[in-house]
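Please read the following points alongside the coordinates, as they concern how two chains meet and how one of them is built.

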Amino acid sequence: MSVAAETGIIGGIAAKFRTCPATGLKIDIAAQNLIKANAVVAIVFLAVGGLFGLLVALTRWPAVKILDPDLFYLVLTAHGLDVLLVWIIFFEMAVLYFASAIILNCRLATPRIAWLAFILMLVGAVLANVTVLQGESSVMFTSYVPLKAAPNFYLSLIVFAVGALLGCFVFLGTLVIAKDEKTYEGSIPLVTFGALVACIIAIFTLASGAVILIPTWLWSLGYIAHIDTVMYKLVWWAMGHSSQQINMAAQVAIWYAIPAILMGAKPLSEKVSRMAFLMYILFLQLASAHHMLVEPGLSSEWKVFNTSYAIYLAVLGSMIHGFSIPGAMEAAQRANGYTNGVFEWLRRAPWGNPAFAGMFLSLVLFGFLGGISGVVLGTEQINIMLHNTMYVPGHFHATVVAGTSLAFMALTYLVVPLIFQREIIWPRLAKWQPYLFGMGAAGISLFMMGAGTLGVARRHADISFSDATLSFDYPPAAFLMLGLNGMAGILAAIGGGLFVVIIVFSVLFGKKVDASNIVEALGPMPQKRVSDAVHKHGDSGTFHLPGTYILVATFFSAFVLYYFVNWKYLSELWQLG
Amino acid sequence: MAITSPENKLWWTEKVGRAELVWITIAFLWGVFMFAMMVWWHLEGNQNLSNEVYRVVPETFEEKTVAFTEKYTVREEADIPVVKPDPGSDIYMLSRLWEWWPILELKKGQTYRLHLSSMDWQHGFSLQPVNINIQVHPGLEHVVTLTPTQSGEFSVVCNEFCGVGHHTMVGRIHVID
Amino acid sequence: MAKETIESDSTDKSEPIPPMQRLLDNHFLLLFIGVVVPTVLYTLWGVMELSQIPISQ
């Protein structure tokens with residue numbers, strides 16, 4: 001190992017660095033260890049939460065149905081907590097430290113507080129799991145009052161949130177240090193800016209969580225008599241939905257980062273990409289209203305304005321990223337010499353590199369499945385048809401599993417050689433992992449959305465209503481959808497399991513990475529074919545990007561079509577006024 | 001690159017490509033259109049959720065529902081009263097662990113003011129196979145104006161998790177011609 | 001934003017940094033608006049409406 005550990009005394013504070021063999025940049029050892037710790041715990045909880053998810057999918061498969069209702073509701077609660085909160089936020093902490101200390105070539109602010117944050121989050125996560133498994137807290141991830149969980153359920157989430165909040169402050173502190181110590185010039189890199197957006201949304205999220213969970217905890221202990229049910233839901237979703245908007249910003253940052261690392265992709269326009277991120281800062285969190293569209297007590301004005309992220313300005317932000325990310329890739333590939341036809345740049349992209357494959361699948365699946373379904377589901381009136389049906393988990397498995405989780409996995413394939421300094425063990429197996437997981441996740445999303453369109457309720461242990469006084473049967477196609485969902489769940493579990501095993505074994509037994517093998521350790525990269533590149537086009541700023549135009553036109557057509565199909569269905573409903 | 005600081009420190013004044021500007025314009029206009037669509041549907045559409053809501057004590061709502069049920073009961077189905085209210089009137093359905101009560105018999109094409117509330121936890125009014133879904137809260141009386149446009153037997157499934165009996169909670173609405 | 005936030009040591013001496021770029025480079029101002037905007041538009045507006053629901057007859 002080329003750990004040329006160097007002690008730099010900057011501003012009177014000692015920090016240990018090593019030199020990265022790939023870039024020659026300094027890497028703060030404290031940041032490196034914190035990234036490792038947060039990423040490892042994230043992946044452990046992904047494994048646990050994923051296993052719970054598999055049990056949920058198998059129970060919903062009518063022919064298999066392995067859990068009885070009590071256990072189903074318990075496992076579903078644990079699944080939601082472990083993957084929506086614990087896996088995602090632990091990994092985001094790793095992303096925040098990476099995007100600040102590593103990318104800015106700077107020491108991490110207050111590593112001790114970062115470790116305290118880590119320990120609080122770990123204690124919270126373990127306590128939450130123990131409390132749920134004890135069986136008195138099967139209240140679902142959302143814990144809508146007046147459903148009451150054991151007090152430790154709320155306490156564990158508060159402890160976790162406080163830890164995560166400290167992590168956000170460490171990130172902000174590191175930005176201040178980098179600026180003071182001039183480790184960068186001008187503006188922070190776009191990826192770090194994206195991480196900043198994630199951090200800002202996280203602070204709003206965690207503050208909202210504290211505002212609602214502390215009184216609920218006191219209520220569960222008997223100190224507060226009453227919590228208003230709609231008020232609870234309003235504030236809870238400022239946390240619950242915004243926490244998924246942290247993912248949004250983090251994964252977009254990763255979508256910019258991976259093509260930059262592998263292909264040297266450059267943002268088409270810093271201004272446009274940063275303005276798109278500004279739309280996230282301002283309006284993304286308003287979409288918490290998506291969960292309040294059929295609640296009594298809130299006006300249509302509030303619903304329409306908030307559900308539309310202020311006239312869809314945050315959606316505009318996403319659509320801009322959806323153009324500039326493939327556009328940046330196309331421009332870079334064309335500069336690398338892949339100039340033939342419309343799609344050579346994409347055909348000759350490093351599809352055998354799991355970091356690239358994961359990133360690109362994540363982008364496409366998020367956009368087509370998660371993005372479009374999210375806007376449709378969040379349309380005030382259309383929500384009447386879809387609220388609390390399986391369409392909702394279908395939608396957010398497209399965003400959080402096929403989108404965020406896959407993006408995080410893709411980044412992990414680069415974090416292992418760069419930060420853990422290990423080669424990926426079994427590269428040929430790793431090559432297939434994103435495809436397996438992506439297909440599984442896409443299947444889960446599509447089949448659950450299908451079942452939801454047929455009216456199937458979410459969070460439901462028995463859709464055949466075998467113990468109900470009054471009988472009811474969903475259409476037979478719904479059962480087929482849930483069977484297919486079970487199969488897709490198995491596929492995703494294999495893909496997810498493979499990821500966990502590959503990463504754990506790579507970290508433990510992978511070949512050490514140093515200057516001699518760092519480039520190969522990052523996986524296959526596009527070869528430069530520079531000879532004929534220079535002449536065909538001018539500089540990258542004036543590139544013509546026909547492939548990207550076709551991609552976004554396809555996306556837009558699918559969006560418009562699906563949007564109107566749903567209005568058509570809505571118009572056939574009983575009249576409501 | 002996206003992982004390094006912008007080379008041009010004055011990146012704000014860089015020119016934006018024409019294709020990108022075209023795309024931003026299309027995306028912005030599409031957003032305005034989708035926003036206008038929701039507003040327009042409030043004016044011209046027939047499927048909008050009513051905003052008529054009152055705070056109510058659960059016992060009061062139960063009394064009103066019982067009085068309504070006693071007045072209009074025509075028969076029983078699985079020991080649950082079936083209620084046939086006057087067309088165009090105020091009708092009540094309460095939710096509690098784990099039932100929707102009473103059963104309603106409505107006339108197709110008539111408009112009713114359906115009062116919904118919960119006696120205990122939150123429930124989800126999910127009318128099947130029509131697929132109308134409305135959240136029901138304890139302490140809030142939501143008055144939904146409803147016009148059945150099909151006849152037949154319809155079920156009300158609970159689609160908000162409400163404890164261990166959640167998956168047995170089914171109610172009924174009949175619509176006659 | 002104070003004048004001194006304009007990079008005094010940067011190479012661009014003549015051209016001032018446009019206000020929008022300065023906003024996007026001001027991380028704590030972004031944090032402030034990112035918390036205030038949703039708190040006002042989503043949370044406070046919502047709480048206001050919920051606290052004004054009339055009592056049933």
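Which strand of chain B does strand β4 of chain A join, and do the two run parallel or antiparallel? The model is a predicted one, in which local features need pLDDT of at least 70 and side-chain atom pairs count only at pLDDT 80 or more, whereas totals for chains, interfaces and linings use all residues. Residues are numbered from 1 along each chain as its sequence is written, with chains lettered from A and ligands numbered from 1 in the order in which they are written.

1. Strand β4 (residues 575-576) of chain A is joined by two bridges to strand β10 (residues 140-147) of chain B, and they run antiparallel; strands pair if DSSP finds at least two bridges between them. Within this pairing, A:Gln575 stands opposite B:Thr147.

2. In contact across the chains (C-beta atoms, placed from the backbone, within 7 Å) are 79 residues of chain A and 71 residues of chain B. On the side of chain A that touches chain B, helix α10 (residues 309-335) gives the most, with nine residues.

3. Chain B comprises two helices and 12 strands, which are DSSP runs numbered from the N terminus (helices H or I, at least four residues; strands E, at least two). The radius of gyration of chain B, 24 Å, is well over the 16 Å that the globule rule gives for 177 residues, so the chain is more spread out than a compact globule; the radius is taken over C-alpha atoms, and the rule is 2.2 Å times the number of residues to the power 0.38. Along the principal axes, the C-alpha atoms of chain B fill a box of roughly 80 × 35 × 30 Å.

Terms used
Contact = placed C-beta atoms within 7 Å.
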